[in-house]
Amino acid sequence: MPAPPLFQPSSHPPRFGPRIGTLTIVRDEGATIHQSQTPALLTATSRGIVPHLSRDHLHLTRTIRHIQLRFESFIDRSPPVPTLIDGPRPLHTFLGYTPEHHIITMTLRDPSDGRKMPPNGNDFVSAHCTRGVRKVTASAWKSWVQKCKPDIVVALSDTPFTLPPHSQKRLTKSIERSIAWLSNILKVPASSDTPDRPQHVLLHLAGGANASARTEFAERLTDPVDQRDAAELAPFNTLDEGVAGYVFDLLPLRASLLAEAGLPPVDEADLAGGLVRISDRHRSSPASSARLAELLQSSLEVLPQGKPRVLNSPASPHEVLRLVRDVGVDLIDSHWAQRAADMGIALDFRFPVPPDQSVPPPGGGPSPSKRKAGKTDLGHNLFNSSYVHDHTRLASAFLDGQSSAASENAGHPVCECGACSPRSPLSRILHSAVDVQAWQDPACTTSPGAAQPPFTRAYVHHLLHTHEMSAHALLAMHNLSVFSAFLAGIRAVLAHPHAEEEFVGEVARFEEAYDEELGLWAEAEMMWLQVERARGKGRLAREKEKQVESTIGTAVDI
């Protein structure tokens with residue numbers, strides 16, 4: 001019995017436009033089937049781990065289901081350590097993910113890494129690991145994929161990471177190399193008795209910021225395969241038949257569009273000594289989203305609309321909504337929300353926007369601040385001293401787990417993250433008969449699984465300023481849950497009758513309600529860098545320099 005397709009739209013979707021569907025992963029010859037509704041969250045990782053989250057935190061955060069594993073962080077050793085693990089699910093075993101809950105997508109490069117890189121070659125891709133840049137050949141990538149057995153794999157593509165703009169000759173090379181590398185990962189030797197082709201292969205759609213080049217690449221995918229390769233590519237008649245879905249990396253596209261506009265390129269190494277990433281400084285706008293949608297549509301014009309589309313590195317929720325509306329995307333990278341946690345931001349927004357946003361759920365603290373244009377921030381900068389005595393939950397737009405138990409709060413959305421809805425552990429070490437009695441009493445606030453009070457803004461503010469790692473763990477869990485709720489809101493609207501018309505209206509309301517210029521991000525970044533520089537190498541020199549600047553004639557040696 002043939003396996004079901006990776007993606008199944010809920011109805012016959014338009015080529016471009018909002019859509020919902022089901023992503024299905026079949027394992028163990030059909031014995032295990034995993035399904036998730038789209039648009040869905042794709043969680044970013046560092047060295048295979050969700051940043052700031054321990055294994056316990058990971059399992060507490062039920063919104064984490066799709067994992068994007070950037071493999072370049074493992075290639076500092078040869079062979080890469082994950083390839084040495086045996087068993088049916090090596091990556092799950094090695095990294096601590098649960099096969100019953102987590103779906104792993106394996107890609108070579110970090111889609112949010114905008115650093116300048118050495119150029120790719122005809123037979124290799126340049127990738128960045130902890131020991132510098134390594135050259136990864138198509139044959140090496142194929143062998144690693146066969147050993148690691150991910151649920152989904154992204155084929156190598158020749159995306160230029162040298163500074164834009166790029167010539168027509170360079171774009172032509174990019175198309176030729178990407179086609180050759182896709183063919184390589186799909187080929188199975190004719191002499192092989194047990195074909196070891198990856199079940200689900202995703203593909204970056206090449207062509208850069210040139211609409212004609214993107215269209216040409218898509219047309220090459222639908223051309224009949226070369227007769228010399230037909231036996232090894234069987235049963236595929238075209239390369240696109242072997243592709244399960246398409247990937248859009250917005251970071252290099254955005255860099256190319258900025259170069260088109262005549263703006264000077266930025267090297268990530270020049271941003272706060274490498275602490276700040278290029279993607280942190282990118283901002284979205286209706287005009288930039290329209291240009292991106294135009295480029296993505298040029299790639300999809302000749303390709304089947306029933307395959308999933310993955311969106312990497314969106315700059316804001318506004319951009320996500322516009323690309324869902326104008327293009328249709330199904331898996332959305334959460335790097336933006338996770339990066340907000342790095343900067344001490346607790347997200348606090350909803351989609352669709354509540355009818356009366358001025359009346360938040362009961363028991364919450366102040367709503368996010370408003371900008372001069374009257375638009376609300378997307379969250380709270382918890383580095384700010386205004387939160388020193390704010391003893392309320394992180395998000396005013398959601399209830400916490402303990403408050404949701406009250407009957408008068410029924411119907412309000414709940415943030416189920418480990419920061420807003422912590423629960424007592426299901427097991428613990430009991431030292432005496434008194435401990436046993438208390439643990440077994442359902443009325444006891446520490447009984448197994450009992451809802452606990454939420455962590456407060458003041459507490460997280462304190463943790464941030466004392467350099468406690470748990471601050472970012474709490475924020476990461478919270479932000480992933482809020483971003484997942486945002487995508488669940490999109491799915492809910494698109495499930496209604498007359499969904500497309502309603503969705504367009506809700507997107508307009510969101511644009512009117514929330515600040516897209518991300519002024520909060522600029523403020524949080526500055527405060528975060530100040531706190532980061534208060535420790536580590538060079539701290540004493542920085543303190544002495546700051547003291548000289550802030551005192552006139554009274555500075556003392558440190």
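Me: In what order do the three strands of the open sheet lie, and is the pairing parallel or antiparallel?

Reply: A general idea comes first: strands of a sheet pair through backbone hydrogen bonds, either parallel or antiparallel. Two strands count as paired if DSSP finds at least two bridges between them. Helices (H or I, at least four residues) and strands (E, at least two) are DSSP runs, numbered from the N terminus. Here the order in the open sheet is β1-β2-β3, with antiparallel pairing. The edge strands, each pairing on one side only, are β1 (7-9) and β3 (32-38). On average, neighbouring strands of this sheet are turned by 25° against each other, direction ignored.

Me: Before we continue, what kind of model is this?

Reply: It is a predicted model, in which local features need pLDDT of at least 70 and side-chain atom pairs count only at pLDDT 80 or more, while totals for chains, interfaces and linings use all residues. Residues are numbered from 1 along each chain as its sequence is written, and side-chain values use heavy atoms, with hydrogens and water left out.

Me: What is the mean pLDDT of the protein chain?

Reply: pLDDT is the predictor's confidence in each residue, from 0 to 100. For the protein chain the mean is 88, and 89% of the residues reach 70 or more. Over residues 552-558 the pLDDT is below 50, and this stretch has eight contacts (heavy atoms within 4.5 Å) in the model beyond near neighbours in sequence. Where pLDDT is low, the predicted coordinates should not be read in detail.

Me: Over how many bridges do β2 and β3 pair?

Reply: Strand β2 (residues 21-27) pairs with β3 over seven bridges, in the antiparallel sense. As one case, T22 has Q37 in β3 as its bridge partner.

Me: Which strands form the closed barrel?

Reply: The closed barrel has eight strands, running β4-β5-β6-β9-β10-β11-β12-β13 with parallel pairing. Its neighbouring strands are turned by 25° against each other on average, direction ignored. Within the barrel, β9 (residues 152-154) and β10 (residues 201-204) pair in the parallel sense over two bridges. The bridge partner of V153 in β10 is V201. Helix α7 (residues 250-260) packs on the sheet and touches β11 (245-249) and β12 (309-312); the direction of α7 makes about 45° with that of β11.

Me: At roughly what angle do the axes of α5 and α9 cross?

Reply: Axes are lines fitted to C-alpha atoms, for helices over the stretch in contact, and angles run from 0 to 180 degrees between N-to-C directions. Angles under 35 degrees count as roughly parallel, over 145 as roughly antiparallel, 65 to 115 as roughly perpendicular and the rest as oblique. The axes of α5 (residues 211-222) and α9 (residues 286-300) come within 7 Å and cross at roughly 25°. The two helices α5 and α9 are therefore roughly parallel. Residues A211, R214, T215 and A218 of α5 make the contact with L295, L296, S298 and S299 of α9.

Me: How do α10 and α15 cross, left-handed or right-handed?

Reply: A crossing is left-handed if the near helix is turned anticlockwise from the far one by less than a right angle, and right-handed if clockwise. The crossing of α10 and α15 is left-handed. The axes of α10 (residues 317-326) and α15 (residues 499-513) come within 10 Å and cross at roughly 160°, so the helices are roughly antiparallel to each other. In this contact, P317, H318, L321, R322, V324 and R325 of α10 meet F503, V504, V507, F510 and E511 of α15.

Me: Which residue has a positive phi although it is not a glycine?

Reply: Most residues other than glycine have a negative phi, and most peptide bonds are trans. H467 has a positive phi of about 60°, and H467 lies in the loop between α13 (457-465) and α14 (469-494). The axes of α13 and α14 come within 7 Å and cross at roughly 135°, so α13 is oblique to α14.

Me: Where is P39, and is the peptide bond from T38 to P39 cis or trans?

Reply: That bond is cis, with omega near 5°, and P39 is in the loop between β3 and β4 (40-44). The peptide bond from F351 to P352 is cis, with omega near -5°. P352 is in the loop between β14 (345-347) and β15 (379-381).
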